[in-house]
Amino acid sequence: MLHHEHTIPLSMVTPGETVELVHIHGGQKLRKRLADLGLNVGMTVRVMQGDTTGPMIVAVKGDTRLALGRGITHHVVVIAPGQSK
Amino acid sequence: MTLTICLAGNPNAGKSTIFNALTGARQHVGNWPGKTVEKKEGRLSLSGHEVIIVDLPGTYSLSAFSAEEIITRDFILDAQPDAVVAVVDAANLERNLYLVLQLLEMHVPLVLALNMSDVAESRAIRIDRQTLSERLGGVPVIPMVGSRAIGLDALKAAMMRAATDHAAIPPLCLDLGAPVEQEIAGLLPLIEREATPYPPRWLAIKLLEADEDLLSKVPPALAQAAQQAADRISEETGEDADTLIADARYSCIGELVRGAVSRAAANPITVSDKLDRVLAHRVWGVVIFLALMWVVFQFTANVSAPLLDWIDGLFSGPVTRWTVAILGAFGLNGTWFESLLVDGVIGGVGGVLVFVPVLFALYFAIAVLEDSGYMARAAFVMDRFMQKLGLHGKSFLPMLVGFGCTVPGIYATRTLENPDDRKITGFLTTFMSCGARLPVYVVFGSAFFGAASGNLVFALYAIGIGVAVLTSLLLTRLVFKGKPAAPFVMELPPYRVPNPRTVALYIWGHTAEFLRRAGTVILAASVVIWLLLAIPVNGGQFARVNAGDSLFGAISRVIAPVFAPAGFGQWEAASSLMAGFVSKETIVSAMSQIYTNASDDLPAPQPLTDDARDIAVGLGEALVLTGQEIVNIVPRTVNVIPGMHMPEANLLNQPPDTGGDTALETALRAAFTPLTALAFNVFVLLYVPCLAAVAAMRQEFGTRWMGLQMAYTLVVAWLGAIVVYQAGLFLGIG
């Protein structure tokens, strides 16, 4: 497993910020589903909308907008904004 | 020669618009065998060939995540279509190419339809088709605007070339990186020795991705070897094999589009994003959603009512009279044959056709919500609330539609992606008290509760919702326990103006499917019920007996004691409930026949020309009233707000429906007490909604699930009625 010093769950990113995805906790099914939709390790996502309790809207791969439930955004690990690897 | 060409692509890539443009009305909506996934097939003739176009379900990938993906994959592997058209959204090329790469891995003759090129252009996304085509190994790339049929001829030509040419497109081999490639090389000899029906390299990749469907289909030794190989990969690299493979595919896509696709800016804020700030807002989104659902409800419940009444009147009036007159000319008046035709067949056909306006209204609403891109937002805003009930955000719409009519409510479960969610939602939809149950409540309400009749109606609606909530908790905690809810992840397509052609074909296709599938079941059952009512048990003549002396009455007498603990164990009550199984609308008319022995006499015959005039005038009036109902959605919506009163349009100056059948009410007061009346109504609320709903359940969820649901609703209704009656007795009400 890759290890990063300053990582946070996607759910804690504030709208408007762009972050790099470093890990997805959880089963192979969830990882594959997210990869199919364009969310894979190493990609950048921009949080468009969301708050700390409900689902989130993120932008990936140009114009695609994805809605992610709370259960997922807690499991997606990203590099905290303003940090580099 | 007949060719099979299928359309594959991401959801929201505009597959249906291209499918509709190709096939027009020559299409057929059905289900994939044994699945609750919709199958669309169409035909067209092209340069001397008869071509069958199969619209495969929208998928993002060809893994085994969903029924849609397995269907798509199996169809391509088993049916070996002559060509596959990959429909991709030009504005989202990278993500869409992910599926295209997987199709190329399967060595199918492929054509790339670069759909919505106009949207891409308007966002200053430039795609070099020539380069893209070369890099994909010569796959033709056709720019299209499916909604305006632009590029259609080029697509037809390209797909016919691909289907007849058999010029092999070189299989695309991605380099998946040394650790993965090494394990693939190790698996290939094993795969070749087992002689599986799948392309070897494709299978090796899928097995390393831990594809559950394929792991269970290949010999255990191979599955085990693949699992060990995947473990070695993750040990060596620190990443899971599936992540590495997905990563390799996306890097390959990066290479494919480098220099071939240019965009003005990365992640621009689009109009859809701005709309989402309101429509997907935590608070405003919910308010707007509820308002829209109210409009949909008005649409299905009220807008369709005038035409429904017209069809009902047409069948019970002129059509019946003409049939009787024609039979009279052959000397068949008063025979069992007349009775079969009039009461069984015409009644049955009419009973099916009355649903047509309701379904038109519902499918119009669903098509507009789906095609505009709003449906995904509805699921998004309601997800927070529905999660608490163990349901999906999209479950709300079918349940709300169910208040109008259960049948379209069941069909509306199709908007959900997960089959389990569909089944649970379908289960709950039957407890939403539909419009046809209301007349029963009203008759009992005015007979027993007078001015407080509204409270009875309200209480029954509330009981229905309560039972639905309890059922939902029961199903999600017990029956579907251990199957974790599908993770809530969905694409939010950009908003767009709905395409009238897509909407029209959606309405037409689905209504025709209802007539074909549910129609036959309902018709058959009406004939069976007629037969039961026609067979005399206490002597008498076939088809000329009272309900009480027929086989139907005899069965009611057998069943009746079952209802004794609920306080209404008389055969008349059981009889009415049995009639209500066909449709809840028939309960009141059956009761007036059974309790007051009144039979609805045919209206006096009149000249054919008068009939023709009445039908035409009736249709005209119905159309005016339909328009009026559409307009009246506004005042009705405003009047929901306390203290507001906005008059409704009343173009034909119709007196308000007084309803009420005093003879029946008197008879009911003799047969029921207020407590048993309440218990009876609770049963009416909760048991099997009607035959059409049962047919819809079978169509959507299969025979087994339909049986389960019928049994459950009967048990719940029975227990509910008993609880009400016994609790009432205990409290000394009665």
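I began with B:Val356 and found it in helix 16 of chain B, residues 355-371. Helices here are DSSP runs of H or I of at least four residues, strands are runs of E of at least two, and both are numbered from the N terminus.

I noted that this is a predicted model, where local features need pLDDT of at least 70, side-chain atom pairs count only at pLDDT 80 or more, and totals for chains, interfaces and linings use all residues. Residues are numbered from 1 along each chain as its sequence is written, chains are lettered from A and ligands numbered from 1 in the order written, and side-chain values use heavy atoms, without hydrogens and water.

Is B:Val356 buried or exposed? I found a relative accessible area of 16%, so B:Val356 is buried. Buried means under 20%, exposed over 50%, and partly exposed in between, with a 1.4 Å probe and protein chains only.

Next I looked up its contacts (heavy atoms within 4.5 Å). Leaving aside neighbours within four places in sequence, B:Val356 touches B:Thr511 and B:Leu515. I also checked B:Met490, 134 residues from B:Val356 along the chain; their C-alpha atoms are 32 Å apart.

Then I turned to the whole of chain B. I counted 31 helices and 10 strands. Of its 734 residues, 53% count as buried. Among contacts between residues at least 6 apart in sequence, 72% join residues at least 24 apart. The C-alpha trace spans about 85 × 60 × 60 Å along its principal axes.
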